[in-house]
Amino acid sequence: MVRGAILVSPDWSAPKKADLLVRAGKIAEIGGKLSSKGKVLDAFDLFLGPGFIDLHVHGGGAGFFGPDPESSRKAILHHLRHGTTGIVASLMPAPLEELRASLGTLANLESPVLLGAALEGPFLSPARAGALPREFFLSPDVETLHSLVFGFEKFIRIVALAPELPGGFSLLSEILRLGVIVALGHTDADYSTARKAVEAGASLFLHLFNAMRPFHHREPGAAGAGLDSDAFVELIVDGYHLHPAAVRLTLRAKSLDRICLVTDAVLGEGPEPARFPDGTLAGSHLTMNRAIQNFMAFTGSSLPEALRPATLNPAQVLGLAHRKGTLAPGKDADLILFDQDWKIHGAIVGGEILWLSDPGRYR
């Protein structure tokens, strides 16, 4: 039982004070002054909402997702303490055997926070490599895909692709046949090609505007196709990867129900993003609670509105909205406690308290 919290859900118009009862890992009941024979988590003066889902994260704090299980666990714990209860671990291009070793490590972690893995490559455009190591980029090839994902087909949730490359559309079809989400990213595709990729089944644009052909008024590029389609788009709202006006313009073009906040976080933490020595952005040190805080500041969104791109929308991308992303009886009890300054005070996953800043609240 969570008692005395101010409940907030992205599908509600406003927060409300109520108790929330958890049973067998699910939200069992929401209402005023519920009774329970079990232990009670005192959440007086705190908000309670659905946990964040990060579709694009490479690491964070002292951890990085890869072949080292302890480093991956550190990254999960770092983001859990900042409110993320669902992670899709993103892997950068690397030799195929190294990528398979990383997939094996992640698949065997058995963490309730880990929802699967994303492959940010290797089927990407060298012209839009950004911070990724282009020496490991490969041409789209169905046999190469099979050798990479064999045995992990159910664990891999997202594969990034540059559709303009030779063989790109054949690979897109095969990724979809495997039941995996196709994301367009690190692509030099023009508007027409990117739109055709969406029509063929691509449903997500990786970190919109970053590492893709930019918008031009005579050639809207992949960025324009992201804005002018029904696909979901990722935004890195750290104040460095995107100007606040770009965030506002995206909101006006896409509306709240097609935006997903992501961190694209890498090893390390702090307000500044990661950079190469020449100043090129190399990932963020963002956390999801700060991303939402920035989104509210940049757009003027209300608390329930700002939650949606970090909870319900990514759950919809993953096909998990029937279980995650909102507060309702029958949904997974993936919950976070936070204050008005977006400091996270507790994280619950599947009804289990995995982190609590003040253990004395649970008695």
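The residues that line the second largest cavity of this predicted model divide into seven nonpolar, two polar and two charged, where Ala, Val, Leu, Ile, Met, Phe, Trp, Tyr, Cys and Pro count as nonpolar, Asp, Glu, Lys and Arg as charged, and the others, Gly among them, as polar. A cavity here is a set of points, on a 1 Å grid over the protein atoms alone, where a 1.4 Å probe fits but cannot get out, and its lining residues have an atom within 4 Å of a point. For the second largest cavity these residues are L55, H56, S90, A118, L119, E120, I158, V159, A160, L206 and E234. The elements that give two or more residues to this lining are β6, β10 (114-119) and β11 (156-161), strands being DSSP runs of E with at least two residues, numbered from the N terminus; β11 gives the most, with three residues. The volume of the second largest cavity is about 50 Å³, a volume being the space filled by probe spheres set on the points, which are joined across faces, edges and corners.

By this rule, three cavities of 30 Å³ or more are counted, and the largest cavity has a volume of about 80 Å³. Its lining comprises 14 residues, among which G51, T85, K324, G325 and D334 lie nearest the centre of the largest cavity. Two or more residues of that lining come from each of β6 (52-57) and β9 (84-91). By class, the lining of the largest cavity has four nonpolar, five polar and five charged residues.

Residues are numbered from 1 along each chain as its sequence is written. Because the model is predicted, local features need pLDDT of at least 70 and side-chain atom pairs count only at pLDDT 80 or more, while totals for chains, interfaces and linings use all residues, and side-chain values use heavy atoms, with hydrogens and water left out.

Notes: 1 Å grid on protein atoms, 1.4 Å probe; cavity = no way out; pocket = protein on both sides within 12 Å on 5 of 7 lines; lining within 4 Å. Helix = DSSP H or I, 4+ residues; strand = E, 2+ residues; numbered from the N terminus.
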